[in-house]
Each structure stands twice: as C-alpha cells, then as structure tokens.
Amino acid sequence: MINKQVILKNRPKGYPDENTWQLESNEITELQDGEILIEHHYISLDPAMRGWMNDSKSYIPPVALDHVMRAGAIGKVIKTNNNPKFEVGDCVTSWGGVQQYSITNGDGWFKVDESLASMPMYLGTLGMPGMTAYFGILEVGKVKQGDIVLVSGAAGAVGAIVGQIAKIKGCTVIGIAGGKEKCDYILNELGFDDAIDYKNENIYSALKKKCPKGIDVFFDNVGGVILDAALSKLRMHAKVIICGAISQYNNKSKVQGPSNYLSLLVTRSTMQGLMVMDYTKDFGKAVKEMSGWLQEGKLKSKEDIYNGIENFQETYNRLFTGNKNGKLVLKVKE
C-alpha cells in the first residue's frame, strides 16, 4: 500500500510558497505489535498551521523539516495488530497529519460516534474549532445574559460558533467579517445582531455606530488593527480573549501590537490568551452539550470541503484569502 504525504521541506518567510511542501508517495510499513493502521478520510486546515512551521518558541513544538505536515485528521481503523483499544471499523480522530494513512499505537486518538455527526463536523463544530469556541467564550469570556459580545473573524470556523453560543446564552452579538456575503451569512443564517464589514467600512466608525454602549467581551481571531480598534470600545471590567491573529501570521516584519492597550487599565479589563488543549479533559462534556444544540437547531454547522491531497496547498491558501465558507476541510481518501 502507498501513502501520499505532504512533507514540510522549508520554513517559509512570510506567505508559504510552492517550495514549502512536497507531496511524496511512500510505502506503508508492516504493523508492529499493538499498532493500528488508520485510513484518513478528511484533514482539517486551520490558521494555526502557519505558526507550526516557524522554528520559534510556542505552545507546541514546530513541525520538523522533512516530516509530515501537522494537521487534525479523521478516518477509520482498517487494520490492527493486537491493539486492545481499537477495532477495525472504528471512526477515530487526532493529529494524524496531512497524509492518507497513519500507523500508531493509538495514544492520542479518540473514537467518535458517526451517528451523532458527520466526519467533517468532528473536525469543525465538534472538533478543535468548536472546542476552542466553547471554552473560549464560556470559560475564559464567562459570558452572561445581556453581555455585548464582539467577535472578529466571525464567519470563520471558530468565530461563527462563538457568536452562536453567545446568542444561546442571551447576549447581543456583533460580528466582524470580510465582505457582504460573509456579513449576510452571520446575520441571516447564524442570527448575529449586527455585522461590520471590515473590507468596506472604517472599523473605528463602525464600532462607534454599532457598539454605542461599548463591549463586555471581545473574542479576537484576527489581531492587528481590528484588535486595536476593539480595545477602544471596552466597557468596565470587560474581557478580551486572544484566540488568534490571522492578520499577522504571514508578516515578514514585526508583528503589529495594540497601541490602545491602556484601555485595559482605564476600564479595569482583562486580556487573556486561549489555548484549547488546556481543556482536553472536558471535551466530552462540551461535545455532548453542543450535539444537543445542533439537534435542537440552536447551533448551525458549516463545512467547506475540497478534494484531493494533491490540492493541499491550494486549499490551505483559502485560509488567508478568505475564499471559503465555514470550516475548511480537505478530503484525502481516494
């Protein structure tokens, strides 16, 4: 059997180019005692992948050169060699990487129930993005009924879930997104109260108009100018959740930091970083509650699925061009 794999060959400076990765076909080795063979069906594409390519200190070691590109994956066990935890046919998910097959002893892999949701949904709403949204807005943001919540990257995999959970909890939610189509999506399909089109509106003027009373919670996926503008609208004891900064990931120069940070002092507000892996032990609880919301129609999930491991780089680029709708997923099963 042959395994197609996307290998990290060079660390990019700025935006990854055609020299960053290489598609290879390698023979699958025989299973050792206790190992299982997993056929990947889908791979998750996430903005965090850009940071994993940098050889710098972070919350997780960088992807090593000449190794498979790190990514979330979901698929099925197709062969086992005396592994007591998994059986052929089990649907499983973990950090399988951008490849068609994984060999593992099963550590870090989790069984999921396909009767509750589709495989792609376990990479999005019921996967890492959904868990990020759930724990970020509820545990870090501690939203309560009546709060005014601002979400950047509001049409993305995390932001869309953040806004919907905030609505479930009785908040007023304003989303920041790029372009009329995405703003219409969060308003008309997801039920946000208002939207700011950062591509066609002045962010400071829009915040003044649409958040006249300020904001209690800001969930930031973008960084840069949008973070700076949001800091100017904090109410007393507001919470700022730093989930990501996609506007800065491909910078060749210094990351742009907020100049309005003294608003935190004046309003006695807090800014806290969010790392979803801190909440791993509670993922089961979150999946159960979010599955209930999905079944009740309170929560909507949207996956944007593309085909072929050969199209990995083209699909990855959609993370940064905005040319996607919902959670970006690549089907790698042939």
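This tour moves through a predicted model, from a sheet to salt bridges and then to a surface patch.

Begin by selecting the open sheet of six strands, whose order is β10-β9-β8-β11-β12-β13 with parallel pairing. Its edge strands are β10 (194–197) and β13 (270–273), each of which pairs on one side only, and the twist from one strand to the next averages 15°. Now show residues 148–152 and 172–177, which are strands β8 and β9, paired in the parallel sense over five bridges; here I148 stands opposite T172 in β9.

Turn next to the salt bridges, of which the count comes to 16. Select D193 and K167, whose closest N and O atoms are 2.9 Å apart; because D193 lies in the loop between α5 and β10 and K167 in helix α4 (residues 159–168), the pair ties together parts that are 26 residues apart in sequence. D193 is partly exposed at 40% relative accessibility, and K167 is partly exposed at 29%.

Then select R235 and D216, a salt bridge with its closest N and O atoms 3.2 Å apart, which links strand β12 (residues 234–242) to strand β11 (residues 215–220). R235 is partly exposed at 30% relative accessibility, whereas D216 counts as buried at 16%. Salt bridges that share partners also join K4, E310 and E334 into one network.

Y59 itself sits in the loop between α1 (48–52) and β4 (73–80).

Notes:
Residues numbered from 1 in each chain as written. Predicted model: local features only at pLDDT ≥ 70, side-chain atom pairs only at ≥ 80, totals over all residues. Heavy atoms only, no water. Helix = DSSP H or I, 4+ residues; strand = E, 2+ residues; numbered from the N terminus. Pairing = 2+ DSSP bridges. Axes fitted to C-alpha atoms, helices over the stretch in contact; angles between N-to-C directions. Salt bridge = Lys/Arg side-chain N within 4 Å of Asp/Glu carboxyl O. Buried < 20%, exposed > 50% of the residue type's maximum accessible area, 1.4 Å probe, protein only.
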